Amino acid sequence: TDGDGAGADCDSTPNGELTLSFGEAGQMNIDINYSSTNPIGGYQFQVIGVTLTDVTDGIFGVSFNAANGMVIGFSYTGEDLPTGDGNVVHLAFEAIDGGSDISLSDVQFGDTDGNAMTVNGPDAAAIPACDNNDADGICDVYDDDDDNDGVADGDDSHPFDNTQCSF
């Protein structure tokens, strides 16, 4: 049962209910948080709007596919994410010139026995635009010449000022 006091025959959410939300968004990362009536035994969802580079979770083994955004997580040792509030995963992704919105689709969570839980959220979240000093469409994190003066940032005494450089 999910602890809501309703008997299993009368309960529309007999395997538990959880609400997902995005944490504060960075240019290249965001957390997915949860509030749950029952322990969580595993999950699967698709991330839309960004290209994943890493997904981490404290207790679950997590796999992801950067090409399609699919994420799956479960414990190899039988551990669960506890009832209450917590963090599901930390997502890392490529920086995006101009920013983006991130959302989830095909969200599935299971309780400790693998039964489908009722999931609410998360609402889409805004991902801030990456730093792009020279407005060339390439995020500074990937741009070897952030000021487009023809000198690589590592050799440039003023990598963000195209009027000054050193060789």
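Predicted model: local features only at pLDDT ≥ 70, side-chain atom pairs only at ≥ 80, totals over all residues.
Residues are numbered from 1 along each chain as its sequence is written, and side-chain values use heavy atoms, with hydrogens and water left out.

Me: Why is asparagine 38 called buried?
Reply: Buried means under 20% relative accessible area (exposed is over 50%, partly exposed in between; 1.4 Å probe, protein chains only). Asparagine 38 has 8% relative accessibility, and therefore counts as buried.

Me: Where does asparagine 38 lie?
Reply: Asparagine 38 is in the loop that joins strand E2 (29–36) to strand E3 (42–48). Strands (E, at least two residues) are DSSP runs, numbered from the N terminus.

Me: What makes the side chains of asparagine 38 and threonine 37 a polar contact?
Reply: A polar contact is a pair of N or O atoms within 3.5 Å; within protein, one must be able to donate a hydrogen and the other to accept it, and residues adjacent in sequence count only if both atoms are side-chain atoms. The two side chains make such a contact at 3.2 Å.

Me: What makes up the largest nonpolar core?
Reply: A nonpolar core is a set of buried Ala, Val, Leu, Ile, Met, Phe, Trp, Tyr and Cys residues joined through side-chain atoms within 4.5 Å. The largest has 26 residues, and Ile32 and Phe109 are among those with the most contacts inside it. Its largest share, four residues, comes from E7.

Me: How many of the protein's residues count as buried?
Reply: Of its 167 residues, 36% do.
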